Amino acid sequence: MDAILSALKAIGEPTRMRVMALCAQGDLTVSELVHILGQSQPRVSRHLKLLCEAGLLQRLREGSWVFHRLSAEPHNASMVEKLVNVIPYDDEVIVRDLQRLDEVKQERAAKAAAFFNTNAKSWGEIRALHVDDQEVEAALRDLVTLTGTEELLDIGTGTGRLLELFSPYIKQGWGVDLSSEMLAIARAKIEEGELGNCAVRQGDMYQVPFSADSFDLVTIHQVLHYTDEPATAIGEAARVLRKNGKLAIVDFAPHEEETLRTQYQHHRLGFSDEEISRICRDCGLNVTHVKHLPGTPLTVTLWIAEK
């Protein structure tokens, strides 16, 4: 009862209701909310503090930035959803807020597109060395059976492509990445695709910002070859998996393309089935499926392991 009363008290103020309506549309920084609401930063920060203390919003730090979004904590999510659903979105003030929010999203998308275009050439050169991404994604979907109730964590989410792929088939999806530029692209894609059940936050693959036993499915897609500690990354994925949860790893089979190391910062030139199976076994996981997709000259391998 105390939690409900605290939530009602927190949202029972016009500006805080406007903030909730805006955060229901996606992650927003303090500066973005200041721009949209037309209020001072101290005042907006005060409203955000009260909403976070009431368990209606959560803060996600990303370098020097802090994003705010609706709370996804299990004990708060249902109440937050009910409160958000009764906000009058046809109210004149909220309609104007959402129009200014569209301007913010367009600016975000433009910045993300600029970064993507700058790096598209190098990404395209690597893609030319292996099978088409659509073939890899189709194979991954075939190997992972989902019922719509699962919670997904995509480690090293990059542009958020796997969140796009799995969004229609899961309850909730989170992507973590260290790169603010990549997260900007992922957020733009989430907003463009209206993927309301997905979100991203900054995080290290060796220490993801989630508690143990939080996810039914964890994906590590074309990430392990960038790390010099693949066992640590897989161990962290195993930590946040629930019992009977699945880890899906997509990476290259062993190869000799040294240019990927010298020009594209790949630390590892692929992984053998034996190595991945051994690491998974040491982390309390059992590899249940392996699929190889040969390309020229790189072979993409998919490993599915169960906790």
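**Helix packing, cysteines and selected residues in the predicted model**

The axes of helix 2 (residues 14–23) and helix 3 (residues 30–37) approach within 11 Å and cross at roughly 120°. Helix 2 is therefore oblique to helix 3. The model is predicted. The crossing of the two helices is right-handed. Helix 2 contributes Thr15, Arg18, Val19 and Leu22 to the contact, and helix 3 contributes Leu33, Ile36 and Leu37. By class, the residues of this contact are five nonpolar, one polar and one charged.

Helix 2 also packs against helix 4 (residues 41–53), where the axes come within 10 Å and cross at roughly 75°. This angle makes helix 2 roughly perpendicular to helix 4. On the helix 2 side, the contact is made by Thr15, Arg16, Val19 and Met20. On the helix 4 side, Arg43, His47, Leu48, Leu50 and Leu51 take part. The classes here are five nonpolar, two polar and two charged residues. Thr15 and Val19 of helix 2 are listed in the contact with helix 3 and also in the contact with helix 4.

The cysteines were examined next. A search of the whole structure finds zero disulfides. Cys23 is in no disulfide, and the nearest cysteine sulfur, that of Cys52, lies 8.5 Å away. A disulfide would need the two sulfur atoms within 2.5 Å. Cys23 is buried, at a relative accessible area of 3%. For Cys280, the closest cysteine sulfur is in Cys283, at 6.8 Å, so the pair is too far apart for a bond. Cys280 is likewise buried, with a relative accessible area of 0%.

Arg281 belongs to helix 12 (residues 273–282). Arg281 counts as exposed because its relative accessibility is 55%, and the cut-off for exposed is over 50%. Between Arg281 and Arg96 there are 185 residues along the chain, and their C-alpha atoms are separated by 55 Å.

In helix 10 (residues 230–240), the buried residues are Pro230, Ala233, Ile234, Glu236, Ala237, Ala238 and Val240. Their cover includes strand 4 (151–155), strand 7 (215–221), strand 8 (241–252) and helix 12. An α-helix has 3.6 residues a turn, so residues three or four places apart point the same way.

Gln58 sits in strand 2 (residues 57–62). Gln58 is buried, with a relative accessible area of 14%, because buried means under 20%. Neighbours within four places in sequence are left aside in the contacts of Gln58. The remaining partners are Cys52, Phe67, His68, Arg69, Leu70, Ser71, Ala72, Glu73 and Trp174. Cys52, one of these partners, also carries the cysteine sulfur nearest to that of Cys23.

Thr301 is located in strand 10 (residues 300–306). Thr301 counts as buried, at 0% relative accessibility. With neighbours within four places in sequence left aside, Thr301 is in contact with Ile249, Val250, Asp251, Ala253, Asp273, Val290, Lys291 and His292. Thr301 and Leu241 are 60 residues apart in sequence, and their C-alpha atoms are 21 Å apart in space.

Definitions and conventions:
Residues numbered from 1 in each chain as written. Predicted model: local features only at pLDDT ≥ 70, side-chain atom pairs only at ≥ 80, totals over all residues. Heavy atoms only, no water. Axes fitted to C-alpha atoms, helices over the stretch in contact; angles between N-to-C directions. Helix = DSSP H or I, 4+ residues; strand = E, 2+ residues; numbered from the N terminus. Parallel < 35°, antiparallel > 145°, perpendicular 65-115°, else oblique. Left-handed = near helix turned anticlockwise from the far one by under 90°. Contact = heavy atoms within 4.5 Å. Nonpolar A, V, L, I, M, F, W, Y, C, P; charged D, E, K, R; others polar. Buried < 20%, exposed > 50% of the residue type's maximum accessible area, 1.4 Å probe, protein only.
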